[in-house]
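Please have the structure open while I talk.

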Amino acid sequence: MFGIKDKTALITGASRGIGKSIAELFCQRGIKVAGISRDITPINEIQIPSSTSGSIKGYSCDIADWENVKEMVLKVLEDFERIDILINNAGITKDTLLARMTEEQWDDVLIVNLKGAFNCTRHVIRPMLKQKFGRIINIGSVVGIMGNTGQANYVASKAGLMGLTKSSAQELAKRNITVNCIAPGFITTSMTENLSEDIKSQMKKTIPMGRFGTPKDVAALALFLASDESGYITGQTITVDGGMVMK
Ligand code: NDP
């Protein structure tokens, strides 16, 4: 069992998909979770087994908004007193070919996916620096490594997250704060459900394991990277993609 019980985690995008799966696993392992999204109804409906000391509370916040994030982090600290783990998971897509991409589509994706992670990191590192402990996990994507047609805005945001991971890992290492990035491949969630069957079957052919990933596949790595045992790993991007990208 990883050393993680009784820690406090702030997880963005905890209302569904990958973020929800990480929140559920963390609660099962005795972590107190502050779950962030704009609509928190699904977060407050997450069922926690009675046998665990873990818990979850939802906080409504638009991570794109600096002031909104500042207030949300203060509220979380009032309720939980510390934040040990930050999972920058919330993300959106607005896909279209570069030649058709509007300024708004570019800005919307960069502001949520990249600036949102900066906003949360910037406000959460203050208590982490004081307590000389922290685990920050950014959820990137394999397309941030490979590129992808029709996703220039999304790919730029995910490549940016890998850079943010490395710089913040270098700056924070001496205070025992690790920063890593998980790059999922194709994971079955609401983000991917609307892709055509044709695109899905093309993509499956590029996955050596021959199946799409599940949110639980990503949550398992997040649990390890959040634990005491991962303390000598920092600045890394680790793929969870059934072998799609091999570096
Ligand atoms: P979902 O669309 O299922 O969930 C996205 C979550 O982010 C929701 O909880 C949503 O809640 C929240 N969110 C979106 N915008 C904001 C915002 N401005 N402020 C606060 N919360 C917000 O996505 P996935 O679970 O599929 O993806 C999670 C992460 O994993 C993303 O960063 C995504 O890019 C990445 N990823 C996903 C892959 C996949 O195949 N699914 C592959 C690679 C990476 P609400 O709308 O209520 O705010």
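What is the volume of the second largest pocket? The second largest pocket has a volume of about 230 Å³, where a volume is the space filled by probe spheres set on grid points that are joined across faces, edges and corners. Before I go further, this is a predicted model, in which local features need pLDDT of at least 70 and side-chain atom pairs count only at pLDDT 80 or more, while totals for chains, interfaces and linings use all residues. Residues are numbered from 1 along each chain as its sequence is written, and side-chain values use heavy atoms, with hydrogens and water left out.

As for terms, we work on a 1 Å grid over the protein atoms alone: a cavity is a set of points where a 1.4 Å probe fits but cannot get out, a pocket is an open set with protein on both sides within 12 Å along at least five of seven lines, and lining residues have an atom within 4 Å of a point.

The second largest pocket is lined by Trp66, Lys70, Val73, Leu74, Leu77, Arg122, His123, Arg126, Pro127 and Lys130. The elements that give two or more residues to that lining are helix H3 (66–80) and helix H4 (103–131), with helices (H or I, at least four residues) and strands (E, at least two) taken as DSSP runs numbered from the N terminus. By class, the lining has five nonpolar, one polar and four charged residues, where Ala, Val, Leu, Ile, Met, Phe, Trp, Tyr, Cys and Pro count as nonpolar, Asp, Glu, Lys and Arg as charged, and the others, Gly among them, as polar.

H3 and H4 also pack against each other: their axes come within 9 Å and cross at roughly 35 degrees, the axes being lines fitted to C-alpha atoms, for helices over the stretch in contact, with angles running from 0 to 180 degrees between N-to-C directions.

Now to the largest pocket, which holds about 1100 Å³ of space. Its lining comprises 45 residues, of which Gly91, Ile92, Tyr154, Thr189 and Met191 lie nearest its centre. Helix H1 (17–28), strand S2 (32–37), helix H6 (152–172) and helix H7 (197–204) are the elements that give two or more residues to this lining, and H1 gives the most, with three residues. Sorted by class, the lining has 21 nonpolar, 18 polar and six charged residues.

Which residues line the largest cavity? By our rule there is one cavity of 30 Å³ or more, and the largest cavity contains about 40 Å³ of space. Its lining is made of Thr12, Ile63, Asn88, Asn89, Ala90, Asn113, Gly116, Ala117, Cys120, Ile139, Lys158 and Leu161. H4 and H6 are the elements that give two or more residues there, and the largest share, four residues, comes from H4.

That brings me to the packing of H4 and H6, whose axes lie 8 Å apart at an angle of about 15 degrees. That angle makes H4 roughly parallel to H6, because angles under 35 degrees count as roughly parallel, over 145 as roughly antiparallel, 65 to 115 as roughly perpendicular and the rest as oblique. H4 passes H6 in a right-handed crossing, and the residues of their contact divide into 14 nonpolar, five polar and one charged.

Finally, the axes of H1 and helix H8 (residues 215–226) come within 8 Å and cross at roughly 50 degrees, which makes H1 oblique to H8. This crossing is right-handed as well, and the residues in contact include Gly17, Ile18 and Ser21 of H1 and Pro215, Lys216 and Val218 of H8. By class, the contact of H1 with H8 has eleven nonpolar, two polar and one charged residue.

Key:
A crossing is left-handed if the near helix is turned anticlockwise from the far one by less than a right angle, and right-handed if clockwise. Contact means heavy atoms within 4.5 Å.
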